[in-house]
Amino acid sequence: MVLRNRWYVAALSTEISDRPLARTIACQPIVLYRDTKGAAIALEDRCAHRQAPLSLGEVVGDHIQCGYHGFTFDGDGRCVRVPSQKQVPPNACIRAYPVIEKQGFVHVWTGDPGREDSDRPYDFPFPDRPELHARYASLRGAFDYRLLIDNLMDLTHLGFTHKNTIGSGGVAEQGKTRTERSDNGVRVIRQMENIEPAPAHVEVTGYSGNVDRWQIIDFSPPCHVELQVGNAKTGTGGVDAAPEDRLIDRRTMHIATPETGTTTHYFWVSTYPADSMTPEQEDVIYERTMEVLDEDVRMIEGQQSRLDPSRPFVDVNEDAGQIHTCNLLARLIAEEQSL
Amino acid sequence: MVLRNRWYVAALSTEISDRPLARTIACQPIVLYRDTKGAAIALEDRCAHRQAPLSLGEVVGDHIQCGYHGFTFDGDGRCVRVPSQKQVPPNACIRAYPVIEKQGFVHVWTGDPGREDSDRPYDFPFPDRPELHARYASLRGAFDYRLLIDNLMDLTHLGFTHKNTIGSGGVAEQGKTRTERSDNGVRVIRQMENIEPAPAHVEVTGYSGNVDRWQIIDFSPPCHVELQVGNAKTGTGGVDAAPEDRLIDRRTMHIATPETGTTTHYFWVSTYPADSMTPEQEDVIYERTMEVLDEDVRMIEGQQSRLDPSRPFVDVNEDAGQIHTCNLLARLIAEEQSL
Amino acid sequence: MVLRNRWYVAALSTEISDRPLARTIACQPIVLYRDTKGAAIALEDRCAHRQAPLSLGEVVGDHIQCGYHGFTFDGDGRCVRVPSQKQVPPNACIRAYPVIEKQGFVHVWTGDPGREDSDRPYDFPFPDRPELHARYASLRGAFDYRLLIDNLMDLTHLGFTHKNTIGSGGVAEQGKTRTERSDNGVRVIRQMENIEPAPAHVEVTGYSGNVDRWQIIDFSPPCHVELQVGNAKTGTGGVDAAPEDRLIDRRTMHIATPETGTTTHYFWVSTYPADSMTPEQEDVIYERTMEVLDEDVRMIEGQQSRLDPSRPFVDVNEDAGQIHTCNLLARLIAEEQSL
């Protein structure tokens, strides 16, 4: 159950080069590479001739050459060379997927051909800002992509799934959660006032006094979850505190691109003030965070293995954001299918 | 094809602790742990909230806490805590499986709730006797549980599957086999008189003269096979010989608990006179026996891979016990399904 | 989609000994071994008694003994011994597959019993000739056997799949290809005149001048592809050159025996003049060739993973041989099924 006519992130910018990369997006096998100008190209990963994967071939200039019989395709999916003869059959074409690369992500259009202007790739401007630093990750898990979205919409799991890493006892118990819905998104706002900071935060900031902590979670279809998380010295205004009172202040994108019905690509970027950490601290936090993402992946894979569709979930108040997200996605998919 | 309303062994006592153990019994995912009094608890391994496996969580006092959002369940499957709110939804329950632990095994009731008194866990009193020693094992194989029962009901395989371990040439050729049937069990009695002892037996007993050897095999539904095996100096009475004339005298339980339709948990315990072996000999015999069980598992996995249901088995006289067992089990399953 | 009533190669002669070999041919599990006279025996790999794989047992004299309960079968599949009783049940039989061993290959008949004389095992006489040397290989790949035949019928893949091994730029561009069809075969003839020799060839022959190169490819149903490849000094007659002008002159058999619908045994032999290479050169060429076969296997496995039956292949001129082969095989299979 996937929204068909949407832009999906297929890769990090750093994952694509002049060596072909095979990646399945929404059940479609795609090969990604860069041409001589550095532009990202996304083609069907299946040669028109005998259906060999082009990803087993090689990039030759702006083109990709099949590793089987050498049929060569340009970035529009047109065959430009058949080594054994001069004439190229006019039907020797493969599908080319529109690509938009920005902010460190390669978005592809796997929806109906020609309709790519009906949607825009998700905009996350922070990695481009010079005053911020950004770190990326690309993972994969054996679960339905919607379970990863669920995971992110309810951060009360931090104290449990991540209790040895970023969790702190106060997250689940002390929050006041507000959920806001719109026609095209869901926002969950949790604000925790005058609580002890998480150990990992003290380690980085050196500040062990009480803090006001915030988590603002925005879901945007089809599979983007943007997080603002941070804390400031207690009483300085929380999410509205002046920069000098903010101790932790991060903007993070989580992207749950469906690979197949039960597997998901998990792309991630986090940004933070360039002067907030030493390079060593950045590395420590990044490694810690990779453990956190791995904890999530393993928990959600466990959840997927136990799912029993004949039994309903039991909901509590904190599930409001997740329920709205689930309903919004189901409504949009139903609308798309009824067209 | 499994008898539903029966007690099944889910684990050895030594496998359960205050760390959750995930185990599938008759296709039902179960988490097992001990509470603070040491009592074994068996719960559905699926949180009521979002269906994550509780076995990825942790035991907290007498309860188990989900590793995802911290929902906590008592030994009766009732949710006793939702970290993010005071009120626990009344429907936040999971299935609790009745447990009876005895003689080193943890039996669970996966049948119709409330009917657990209609059956009793299998009684194998020998591990509790002070004059006997006991050794246990817990294995798993990729085959229908009934193939393991078949294996045990026809010990003429000893000379072939186990010819390098416990087999001796005489087992298949020289036995006189008698089969006895009752409404709720099958017994196979094989007595071999005046034969050479198995090499492994000579190694332990130091007695190389001829022996009378016996194998008494009792099947009890749904999946228990109890063995009396031993030998005594020839002419001293066989299975009825006085203790001082018995050279080998073991009582062994084999339990074939269905995990799924094509996988099986294999639990095992063997008891023998405490003074019959040195600790070193006990270790040697145990290691040898683990090789034997492994030989069985590999053979039965091979058999499972070759099964062609369109073709009948070819039966011989020694298959009588196995055929009666198969028929008894089929009849009981049919009776249960017709209720 | 396999021709049923044909001889198939099941193994190399060197793969069969007095230790049982399990091999699935056309979805039928077979055990192969040699009797005391050295004759190759092929039996159903499933004991008549309880369907255990005989390949887990052992060869005893001319017979094979099941490793489970010791039932023993002769080379005709008749049970000759039941260890636990004197009488052998008359229906204790398994299927025996006719075997013809020649030229280093063990051919078996998996078709309708009694019809083995309606076909002859493929004849490839070169390994038996004293003036030639022969080297064999046995591989396996996860693809439909017909994709391997396709691979061989269109050697324009050499310059791409094998560009780092035996490929040379001229193969695809410079050839003149002729295709000949008969009622029971397809021949593709490619002749390349006055081209640079492949680097590997120069390494062996020491001759770096231009050559005339030939590739003659013969497909014979069900799955045999015979290759004549070679080169001679330019202008000396090509494939008809006198022996002293031939630089490279090989006869090679490729056999694509179906294992299951999506897996294939790949048998191979290549012959060449005994005096054309030193033993060290033979070894180098053999190792190089094993890399080449592995390159093919990996490419075809990739192709299999991408096959989309809803989309037609795009054909070019060089596909003529492959298309004729495909059509011939389809016609023969349809004829066989309509009988």
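I take two strands as paired if DSSP finds at least two bridges between them. The model I am reading is predicted.

Entry 1, a strand pair in chain C. I looked up β17 (residues 246-260) and β18 (residues 263-273) of chain C; 9 bridges join these antiparallel strands. Within the pair, I find C:T252 opposite C:S270 in β18(C).

Entry 2, helices on the sheet. I checked what packs on the sheet and found helix α1 (residues 145-153) of chain C, which touches β14 (185-195), β15 (211-220), β16 (224-233), β17 and β18 of chain C. The direction of α1 makes about 165° with that of β17(C). Helix α5 (residues 279-306) of chain C also packs on the sheet, where I see it touching β12 and β18 of chain C. For α5 I note an angle of about 30° with the direction of β12(C).

I read the strand order in chain C as β12-β18-β17-β16-β15-β14-β13, an open sheet of 7 strands with antiparallel pairing. β12 (132-141) and β13 (176-182) of chain C each have a single partner strand, so one side of each has no neighbour in the sheet. I note an average twist of 15° from one strand to the next.

Entry 4, chain C against chain A. I count 19 residues from chain C and 22 residues from chain A in the contact. On the chain C side, α2 (158-161), α3 (170-174) and α5 each give two or more residues. α5(C) gives the most, with 4 residues. By class I list 7 nonpolar, 7 polar and 5 charged residues on that side of chain C.

Notes: Residues are numbered from 1 along each chain as its sequence is written. Chains are lettered from A and ligands numbered from 1 in the order in which they are written. This is a predicted model: local features need pLDDT of at least 70, side-chain atom pairs count only at pLDDT 80 or more; totals for chains, interfaces and linings use all residues. Axes are lines fitted to C-alpha atoms, for helices over the stretch in contact, and angles run from 0 to 180 degrees between N-to-C directions. Two residues are in contact if their C-beta atoms, placed from the backbone, lie within 7 Å. Ala, Val, Leu, Ile, Met, Phe, Trp, Tyr, Cys and Pro count as nonpolar, Asp, Glu, Lys and Arg as charged, and the others, Gly among them, as polar.
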